[in-house]
Amino acid sequence: MVLSDLLIPAALRRTRAQQRLADAVLILGGSLLTALMARVEIPLPFTPVPITGQTFAVLLVGAALGSRRGALSMAVYLLEGALGLPVFAGGAAGLARLRGPTGGYLIGFIAAAFVTGWLAERGWDRRPATTALAMLAGNAVIYLFGLPWLAWFVGGLLGPKGALALGLLPFVPGDLLKLLLATLAFPSAWLLVRRARAS
């Protein structure tokens, strides 16, 4: 069970059709949250990779929706962008963004949401230490996809103009802040849910 399972009352999920509708609403909602957070963008003059709120949304959506719905939500998000909706960083859209230097990060969103969601389904989002590890794992998956892809465009992983310098190191402080926020948010949300159900 993940947090989103508690958002929609069981009375509204009794039939298979109702459950599918609930899942569709959550999946679409996750994609829209990611699109909204993509509007938070800080371009950096020395790298094609901007600072955005997307990665934070990806981790939140994965943990809140679980592995399957989280991954589907990110797939819907990428489809929205590929079809021309302005959902990528800075309101960008189109297949060119998926084929460009940041395309690997975007594709990695699907796997990152799945991994974070899979860990949340096993209760990792209920205690600060394990929440931090789940978010760290999801973040690492994004870089696992994004850095090799970026390296293709910048000529390698290493060096002052390599993918590590342009696509990882500048983002570590922000990633740590996002990790801290998520680490505080999820265990707190579960605590509130437990109190509400007990009262």
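Q: Where is serine 31 placed in this predicted model, and what does it touch?
A: Serine 31 sits in helix α1 of the predicted model. Not counting residues up to four places away in sequence, serine 31 touches Ser73, Val76, Tyr77 and Glu80.

Q: Why is serine 31 counted as buried?
A: Buried means under 20% relative accessible area. Serine 31 has 0% relative accessibility, so serine 31 counts as buried.

Q: Why is isoleucine 51 called partly exposed?
A: The partly exposed class lies between under 20% (buried) and over 50% (exposed). Isoleucine 51 is at 29% relative accessibility and therefore counts as partly exposed. Isoleucine 51 lies in strand β2, residues 51–52. Leaving aside neighbours within four places in sequence, isoleucine 51 is in contact with Val40, Glu41, Ile42, Leu44 and Phe171.

Q: How far apart are isoleucine 51 and glycine 167 in sequence and in space?
A: They are 116 residues apart in sequence, and their C-alpha atoms are 9.9 Å apart.

Q: How do you know that the span of helix α6 agrees with its number of residues?
A: Helix α6 covers residues 128–154, which is 27 residues. At 1.5 Å a residue, α6 should span 39 Å; the end C-alpha atoms are 37 Å apart, so the two values agree. Just after α6, glycine 155 takes a positive phi of about 95°.

Q: Which residues make the nonpolar surface patch, and which helix gives the largest share?
A: Ile107, Leu144, Phe145, Trp149, Trp152 and Phe153 make a patch of about 660 Å². Helix α6 gives the largest share, five residues.

Q: What makes phenylalanine 145 partly exposed?
A: Phenylalanine 145 lies in helix α6. Its relative accessible area is 35%. Buried would need under 20% and exposed over 50%, so phenylalanine 145 is partly exposed.

Q: Which members of the largest nonpolar core touch the most other members?
A: Of its 31 residues, these are Val58, Tyr77, Phe88, Tyr105, Leu106 and Phe109. Two or more core residues come from each of α1 (16–38), α2 (54–65), α3 (67–82), α5 (103–121), α6 and α7 (163–167). The largest share, six residues, is from α6. Apart from this core lies another of 13 residues, among them Val2, Leu59, Ala63 and Ala182.

Q: What is tyrosine 105 in contact with, leaving aside neighbours within four places in sequence?
A: Tyrosine 105 is in contact with Val49, Ile142, Tyr143, Gly146, Leu147, Leu150 and Gly167.

Terms used: Residues numbered from 1 in each chain as written. Predicted model: local features only at pLDDT ≥ 70, side-chain atom pairs only at ≥ 80, totals over all residues. Heavy atoms only, no water. Helix = DSSP H or I, 4+ residues; strand = E, 2+ residues; numbered from the N terminus. Expected span 1.5 Å × (residues − 1). Core = buried A, V, L, I, M, F, W, Y, C linked by side-chain atoms within 4.5 Å. Buried < 20%, exposed > 50% of the residue type's maximum accessible area, 1.4 Å probe, protein only. Contact = heavy atoms within 4.5 Å. Patch = residues over 30% accessible without salt bridge, like charges linked within 9 Å, V, L, I, M, F, W, Y side chains within 5 Å. Areas by Shrake-Rupley, 256 points an atom, 1.4 Å probe, with all protein chains shown as cover. Salt bridge = Lys/Arg side-chain N within 4 Å of Asp/Glu carboxyl O.
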